[in-house]
Amino acid sequence: MTVKKIAFIGAGNMAKSLIGGMVANGYPATAISASATTRTKLDALEQEFGIQTATDNDALVAAADIIVLAVKPQIMADVCGAIAQHKANYQGKIFVSIAAGVTVARLQSFLASGQPIIRTMPNTPSLVQKGMTGLFASPEVTSTDKQIVDDIMQAVGQTAWVEQESDLNTIIAATGSSPAYFFLFMEAMQASVIKMGFDEQQARALVEQAALGSAAMVLHNQDVDLETLRLNVTSKGGATAEAIRVFEEQDLANTVDQAMQAAVSRAEAMEKLF
């Protein structure tokens, strides 16, 4: 494993998940630092993972090889603008952004023309090392740096590189937003089970174990397509077949497609906001 000094600008949940995953995978805590405007989250990170922390972005950027921009899109311009006042601190270094809606071109306008940048789209299951991250590299990023960043993101799950930056919007719909789709479906199932007479805790236990088992079956049957897995559970004339009939009558597939297209459209619109 190639060890580079990595500075996280921002100390929110996603930064914490990446730091935790890296440390758990053997990345030296002494090579990781993080900054934030207040000490509360920094003290927690320092205590839990043994990393270095500071409230001064400039000092961390100057000492790092890779700078991870882990702040909200709404404040990205201000954060990068302040960093850009000391361009010598990051000349020749690589920036990694985990913010949705802020394009490479926009980031380079904040920092410097031709600045090497990798945009990443991790999702919330990264918090439990089961994430899926989409990545796009600007032309200035070397293959070596791409591999290093890939290793970082694989500390919290799987990765998928895209050739076109616009494809990150599809990644958002497919993996960034999709945990909420599954949670919504599970929420509806839980509510139905409660209506049938079970208490909330029992209903949740039934639904969450069914979801966990179903995901595990998909992972353990990579040579079997999803339709076949579904059909294997759906005995002709049985209870499952009746449930599937209702979903198909309500045009579930088209509803899912429309929802994912809406997510892509919103992601595209967000790129014009920041």
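A residue is counted here as buried when its relative accessible area is under 20%, and in this predicted model phenylalanine 95 falls into that class because its relative accessible area is 0%. Tyrosine 90 is likewise assigned to the buried class, since its relative accessibility is 1%. Over the chain as a whole, buried residues make up 41% of the 274 residues.

The secondary structure of the chain comprises 12 helices and eight strands, and the C-alpha trace spans about 70 × 40 × 35 Å along its principal axes. Among the contacts with a separation of 6 or more, 61% are accounted for by residues 24 or more positions apart. The accessible surface of the chain amounts to about 15,400 Å², and 55% of this area belongs to carbon and sulfur atoms.

Helix α4, which runs over residues 73–83, contains the buried residues Pro73, Met76, Val79, Cys80 and Ile83. These residues lie on the same side of α4, because the arc that they cover around the axis is only 95 degrees. Such an arrangement can be read against the geometry of an α-helix, in which residues three or four places apart point the same way because there are 3.6 residues a turn. Gln74 and Asp78, by contrast, are exposed on the other side of α4. The elements against which the buried residues of α4 pack are the strands β1 (6–9), β4 (66–69) and β5 (94–97), together with the helices α3 (57–63) and α5 (104–110).

A search of the whole structure for aromatic pairs returned two. In the pair of tyrosine 90 and phenylalanine 95, the ring centres are 5.2 Å apart and the planes stand at 85 degrees, so the arrangement is edge-to-face. Phenylalanine 185 and phenylalanine 247 form a tilted pair, with a distance of 5.7 Å centre to centre and an angle of 45 degrees between the planes. Because phenylalanine 185 belongs to helix α8 and phenylalanine 247 to helix α11 (residues 239–249), this pair ties together parts that are 62 residues apart in sequence. Phenylalanine 185 counts as partly exposed because its relative accessibility is 36%, and phenylalanine 247 counts as partly exposed because its relative accessibility is 33%.

The relative accessibility of glutamine 129 is 36%, so the residue counts as partly exposed. Aspartate 251 is another residue other than glycine with a positive phi, the value being near 60 degrees, and its place is in the loop between α11 and α12. Aspartate 251 also counts as partly exposed, because its relative accessibility is 38%.

Terms used
Residues numbered from 1 in each chain as written. Predicted model: local features only at pLDDT ≥ 70, side-chain atom pairs only at ≥ 80, totals over all residues. Heavy atoms only, no water. Buried < 20%, exposed > 50% of the residue type's maximum accessible area, 1.4 Å probe, protein only. Helix = DSSP H or I, 4+ residues; strand = E, 2+ residues; numbered from the N terminus. Arc of directions from axis to C-beta. Contact = heavy atoms within 4.5 Å. Phe/Tyr/Trp six-rings, centres within 6.5 Å; stacked < 30°, edge-to-face > 60°. Areas by Shrake-Rupley, 256 points an atom, 1.4 Å probe, with all protein chains shown as cover.
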